[in-house]
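Let us walk through a protein model step by step. Keep the 3D view open and follow along.

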Amino acid sequence: MYGFKRLMGHSFDNTLVETMQRTVGYRLERGPQNQVLVQVGANKLSLPEISARILRRIRGIASDYLKKPVNKAVVTVPAYFTDRQRQAVKEAGKLIDLDVVRIINEPTAAAIAYGAARQLKKAVIVYDLGGGTFDVSIIQIRDRVFEVKATGGDIFLGGIDFDNAMTRYVLDRFNAEHGIDLSRTPVAMQRIRDLAERTKCDLSTRETAAFNIPFITMTPKGGRSTLSSPSPESSSKSSRSSWWIERSTGWRWCSRFQAVARAN
Ligand SMILES: Nc1ncnc2c1ncn2[C@@H]1O[C@H](COP(=O)(O)OP(=O)(O)OP(=O)(O)O)[C@@H](O)[C@H]1O
Ligand SMILES: [Mg+2]
C-alpha cells in the first residue's frame with residue numbers, strides 16, 4: 001500500500017481515482033456512499049480504515065518509546081488538504097480512539113523542525129519531495145504565526161518515480177545484454193526495485209553507486225532457492241550483472257522534477 005494519501009476525503013467519482021488506478025498496483029473500488037475502497041488481500045478497506053492502521057502502528061512505536069499509552073496526537077497533512085480531507089484524518093483517529101487534537105500543515109511542521117519558528121518575520125519556501133508527491137509551499141512567518149501563502153507542485157511525482165526510472169533502466173540494459181526480460185519475474189522485480197531505492201539513497205551522498213544483484217535469475221521454488229531455467233547460453237552470463245549508476249543520470253531521469261521546481 002502506498003500513495004493513497006492524495007485520495008483521502010475524495011469520493012470515487014473524482015478523476016484522481018482513475019489516474020491513481022493507472023499508477024498503483026492495488027485495486028480501488030466504489031464503496032457505499034461513493035467512498036473509495038482499497039482491495040487489501042481478501043478485504044476491502046476504506047481510506048480512513050487504512051490510515052487508522054498506520055496511526056495505530058505509529059502510536060505503538062511512540063508508546064514503546066515514551067513507555068506510556070498515547071491517546072492524543074497532532075497529525076500533519078499537506079497544506080492544500082480541504083476541510084473534508086482533514087475531517088477524514090480525524091475520522092481515522094476516532095477509529096482507534098486516538099484524539100487528533102490538532103492538524104497542522106506539513107510545510108509548517110517542516111519549517112518548525114528547521115528552527116524557522118524562531119524567526120519573527122520571514123517568508124520561507126519549503127520543498128517537500130516525498131515518496132509519491134512533490135509539494136512546494138511559501139510560508140509567511142509573523143510573530144511565530146505561520147501562514148501558507150501559496151502551494152504548488154505535482155501530486156504524481158516523488159521518490160518512487162526515481163525508483164521506477166532506475167528499475168526501467170536496469171531492466172532495459174539487462175534485456176539488451178542477456179536477452180532476458182526480468183519484468184516478468186516478480187521476485188527479480190522486487191529485488192531490483194528494492195536495490196533501485198537503496199541506490200537512489202546512496203546517490204544522495206555519492207556521485208556514483210554500483211548496481212549489483214548476484215544471481216538475479218534465481219527464484220524460490222518449493223521452499224528452496226533454485227536457478228530458474230535460463231537459456232543455456234545465458235546461464236553463466238545472467239547470474240550476475242553490475243553497472244555503475246551516476247548521480248547526474250538520476251537527475252536526468254527526473255527532468256520533470258526540475259521542471260516543477262522551476263515552475264514554482
Ligand atoms: N537519503 C535519501 N536520498 C534520496 N531519497 C531518499 C533518502 N531517504 C529517503 N528517500 C526517499 O524519500 C521518499 C520518502 O520520503 P517521505 O518520507 O518524505 O515520503 P512521504 O511523506 O511518506 O510521502 P508523500 O509525502 O509523497 O506522501 C522515498 O521515496 C525514499 O526512497
Ligand atoms: Mg510527505
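Start with the ligand. Domain 1 (5-154) and domain 2 (159-256) both give residues to the shell around ligand 1, so the ligand lies between them. The domain bounds come from an automatic or database domain assignment.

A word on the model itself. It is predicted: local features need pLDDT of at least 70, side-chain atom pairs count only at pLDDT 80 or more, and totals for chains, interfaces and linings use all residues. Residues are numbered from 1 along each chain as its sequence is written, while chains are lettered from A and ligands numbered from 1 in the order in which they are written. The pLDDT is the predictor's confidence in each residue, from 0 to 100. The chain averages 83, and 83% of the residues score at least 70. Over residues 222-240 the pLDDT is below 50.

Which residues are around ligand 1? Among them are Lys5, Thr133, Ile160, Glu197 and Ser204. A residue counts as near if its C-beta atom, placed from the backbone, lies within 6 Å of the ligand. Two elements give two or more residues each to this shell: α5 (159-178) and α6 (186-202). The largest share, three residues, comes from α6. Helices (H or I, at least four residues) and strands (E, at least two) are DSSP runs, numbered from the N terminus. By class, the shell has two nonpolar, seven polar and three charged residues. Here Ala, Val, Leu, Ile, Met, Phe, Trp, Tyr, Cys and Pro count as nonpolar, Asp, Glu, Lys and Arg as charged, and the others, Gly among them, as polar.

Now find an open sheet of three strands. Its order is β6-β7-β8, and the pairing is antiparallel. Strands pair if DSSP finds at least two bridges between them. β6 (121-129) and β8 (145-154) stand at the edges, each with a single partner strand, so one side of each has no neighbour in the sheet. The twist averages 15 degrees from one strand to the next. Nine bridges link β6 to β7 (residues 134-142). Look for Asp128, which stands opposite Asp135 in β7.

Another open sheet has three antiparallel strands, in the order β1-β2-β3. Its edge strands are β1 (28-30) and β3 (43-46). Here the twist averages 40 degrees from one strand to the next. Three bridges join β1 to β2 (residues 36-40). In β2, Val36 is the bridge partner of Arg30.

Notes
Contact = placed C-beta atoms within 7 Å. Axes fitted to C-alpha atoms, helices over the stretch in contact; angles between N-to-C directions.
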